[in-house]
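This briefing is meant to be read beside the sequence and the structure.

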Amino acid sequence: MTIFALAFALFVLIDPVGNIPLFLKTLHPFKPKRQRIILIREMLIALGIMIGFQFGGEAMLQALHIQKDALYIAGAVILFLIALEMVFKSSADKDPQQVIDEPLIVPLAIPLIAGPAVLAAVTIFATQEANDLKVTTAIVLAWLGSVVILFFASFLQNILGKKGLLALEKLMGLILTLMSVEMFLEGIRIFMNGSK
């Protein structure tokens, strides 16, 4: 996969557009200046976690004796289920409880940004690609795109409205569905080649 394809897949999984209402609701009790500080801090934590999984995920899989074909197929199933949720969900599906204390790591960095699907995808890409710099660049690009969108979350919600955000997220879900099927087929190909 190209850097752009990797970055786009991660960007869709991070789902900054779908997370706009959650971020706004979580950060609502705080002053605008503090909101920006919290957002930058949580995004940096999420970036560190994703890069940590890039370099440590494969060793963990080897320790658990998980084969590459199983990783691809399991990752494809996870991505497919997330894509279905993105396509078929309504605007009322995500409604977290009001956060009173300042969020730290949870729920913004994990699971909203560096969620299980993102970390699984990072691990898959790290095992799939021989070039570590390529994967790291893709992670950073997806992260930067998410930072920009979430930094202007209020503006985007005012422009697009809830229905516009939902429609955009459904479109990304459709694209993610195609990518998950391709990943599943790649896992089958690896399995078939290994069984010969």
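The mean positions of the 15 positive and 14 negative charges of the chain lie 8 Å apart, where Lys and Arg are counted as positive and Asp and Glu as negative, with His and the chain ends not counted, and where each charge is placed at NZ of Lys, CZ of Arg, CG of Asp or CD of Glu. The model is a predicted one, in which local features need pLDDT of at least 70 and side-chain atom pairs count only at pLDDT 80 or more, whereas totals for chains, interfaces and linings use all residues. Residues are numbered from 1 along each chain as its sequence is written, and side-chain values use heavy atoms, with hydrogens and water left out.

**Salt bridges**

- Side chains of opposite charge can pair when their charged atoms come close.
- A search of the whole structure finds six salt bridges, a salt bridge being a side-chain nitrogen of Lys or Arg within 4 Å of a carboxyl oxygen of Asp or Glu.
- One of them joins Arg34 to Glu102, with the closest N and O atoms 2.8 Å apart. Because Arg34 lies in helix H3 (residues 32–63) and Glu102 in the loop between helix H4 (68–88) and helix H5 (108–113), this pair ties together parts that are 68 residues apart in sequence.
- Arg34 is partly exposed at 32% relative accessibility, and Glu102 is likewise partly exposed, with a relative accessible area of 32%; the term covers values between buried, which is under 20% relative accessible area, and exposed, which is over 50% (1.4 Å probe, protein chains only).
- Arg41 pairs with Glu42, the closest N and O atoms being 3.0 Å apart, and Arg41 is partly exposed at 23% relative accessibility.
- Arg34, Arg41, Glu42 and Glu102 are linked in a network of salt bridges.
- A further salt bridge is formed by Arg189 and Glu182, whose closest N and O atoms are 3.1 Å apart; Arg189 has a relative accessible area of 38% and is partly exposed, as is Glu182 with 43%.

**Overall form**

- The chain has eight helices and zero strands, helices being DSSP runs of H or I with at least four residues and strands runs of E with at least two, numbered from the N terminus.
- A compact globule of 196 residues would have a radius of gyration near 16 Å, and the 17 Å of this chain agrees with that; the radius is taken over C-alpha atoms, and the globule rule is 2.2 Å times the number of residues to the power 0.38.
- The C-alpha atoms fill a box of roughly 60 × 30 × 30 Å, taken along the principal axes.
- Of the 196 residues in the chain, 41% are buried.
- Among the contacts in the chain with a separation of 6 or more, 93% are accounted for by residues 24 or more positions apart, a contact meaning heavy atoms within 4.5 Å.

**Two residues in their surroundings**

- Glu42 is found in helix H3 and counts as buried at 0% relative accessibility. Leaving aside neighbours within four places in sequence, Glu42 is in contact with Pro103, Leu104, Ile105, Val106, Leu108 and Ala109.
- Ile82 is found in helix H4 and is partly exposed, with a relative accessible area of 24%. With neighbours within four places in sequence left aside, Ile82 is in contact with Ala117 and Leu176.
- The C-alpha atoms of Ile82 and Leu13 are separated by 8.1 Å, although these residues are 69 residues apart along the chain.
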